[in-house]
Amino acid sequence: MKELLSIIIPVYNLEKYIGRCLDSLLDQTYENIEIIAVDDGSTDNTSNIIDEYIKKDNRIIAVHKKNAGVSLARLTGMKIAKGEYIGFVDGDDVVENDMFEILMSNAKKYGADISHCGYVMDFPDGHSDYYYNTGKIIMQDNEMGLKDLLSGQFVEPSLVNKIYKKQIIDKFIENKNMNYSIKNMEDLLVNFYLFKESEKSIYEDLCKYHYTLRKSSAATKLSKNKFEDPIKVLEILLSETKDCYEIYQIIYKRYIAVLISNASLSSFKDIKKNAKIALKKEFKNFKKNNIGRKLEYMSIGVIYLYPLYYLVRTIYNYITGINKKYKVW
């Protein structure tokens with residue numbers, strides 16, 4: 001018999017979306033699954049919809065709890081999951097019907113602790129962006145897996161396009177260093193701890209997970225957490241990897257890039273100010289951490305030549321359209 005796969009869905013006020021999410025999971029060609037829907041204190045009709053689905057298929061398990069955030073909702077699911085492998089899906093997204101078949105097949109074929117794939121971002125106007133759909137299969141040992149994850153060049157830092165062997169999930173549950181108050185970029189932090197425990201991971205670049213970009217989704221919301229939490233995450237990662245020079249350098253470059261972004265793009269004055277102060281303090285560390293001339297010049301520009309930097313950045317954003325990429329009308 002095929003191994004059991006647990007799929008955890010944290011859900012909060014998703015009455016318009018949770019039905020199609022559950023339908024996509026019940027339609028999986030890999031049928032030996034348990035679906036753990038963790039209702040994180042929803043105040044709309046989400047809870048009732050989940051309970052109705054339980055009547056249709058006994059593979060669905062519902063947990064109704066007080067609202068405490070997505071990270072703790074996932075943790076609740078992890079603690080009761082019975083599967084040999086565990087995956088995650090967000091309640092407003094869908095997966096193609098063969099995604100978990102492919103991930104489980106690769107995990108067993110290559111003896112991997114983590115099996116992951118690409119994803120699709122679906123926009124409200126009907127167009128989709130693929131990341132990246134090359135069809136490549138890449139084996140990653142512990143070091144390579146961490147480097148690929150932290151560099152963000154082709155491995156999506158999210159939890160939702162991956163499955164994990166239960167043994168490394170259990171080690172994560174015991175991890176006392178995880179900061180569950182972080183609301184943005186928490187996936188990267190969780191994945192860091194999981195990839196750190198993984199001896200081998202397998203990545204197949206097929207886009208099987210569909211992320212739904214909507215007006216109230218995390219990618220479109222503007223809040224202080226969106227600027228402050230990535231700094232917290234990267235500072236934790238820098239602390240965790242201070243004895244691993246190559247990995248530390250990868251994180252450090254991301255840290256400087258986020259500081260530059262906060263110092264120039266944040267609409268919160270205190271965040272801008274704090275980012276500029278932090279950047280100035282880091283000037284002395286640029287050379288030893290080999291950040292490259294681009295980031296160095298951008299740092300100098302945002303601190304000392306801001307009008308010119310702002311003009312160049314505005315022109316760049318206009319030409320590339322990057323500033324409107326996640327804008328939902």
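Q: Where does the charged end of Lys56 sit?
A: A charge counts as sitting over a ring if NZ of Lys or CZ of Arg is within 6 Å of the ring centre and within 35 degrees of the ring normal. In this predicted model, the charged end of Lys56 sits over the ring of Tyr53, 4.2 Å from its centre, and the charged end of Arg214 sits over the ring of Tyr17, 4.9 Å from its centre. Residues are numbered from 1 along each chain as its sequence is written, and side-chain values use heavy atoms, with hydrogens and water left out. Because the model is predicted, local features need pLDDT of at least 70 and side-chain atom pairs count only at pLDDT 80 or more, while totals for chains, interfaces and linings use all residues.

Q: How many aromatic pairs does a search of the whole structure find?
A: A pair of aromatic rings is described by the distance of the centres and the angle of the planes. Rings of Phe, Tyr and Trp (its six-membered ring) pair if their centres lie within 6.5 Å, and planes under 30 degrees apart count as stacked, over 60 as edge-to-face and the rest as tilted. The search finds twelve aromatic pairs; one of them joins Phe88 and Tyr164 edge-to-face, at 6.1 Å centre to centre and 65° between the planes. This pair links distant parts of the chain, with Phe88 in strand S4 (residues 85-88) and Tyr164 in strand S9 (residues 162-165), 76 residues apart. Strands (E, at least two residues) and helices (H or I, at least four) are DSSP runs, numbered from the N terminus.

Q: Is Phe88 buried or exposed?
A: Buried means under 20% relative accessible area, exposed over 50% and partly exposed in between, with a 1.4 Å probe and protein chains only. Phe88 has a relative accessible area of 1% and is therefore buried, and Tyr164 is buried at 0%.

Q: What angle do helix H11 and helix H12 pack at?
A: Two packed helices are described by the angle between their axes and the distance between the axes. Axes are lines fitted to C-alpha atoms, for helices over the stretch in contact, and angles run from 0 to 180 degrees between N-to-C directions. Helix H11 (residues 293-304) and helix H12 (residues 306-320) pack at about 120°, with their axes 6 Å apart. H11 and H12 are therefore oblique to each other, since angles under 35 degrees count as roughly parallel, over 145 as roughly antiparallel, 65 to 115 as roughly perpendicular and the rest as oblique. With contact meaning heavy atoms within 4.5 Å, Met298, Gly301, Val302 and Tyr304 in H11 meet Tyr306, Tyr309 and Arg313 in H12.
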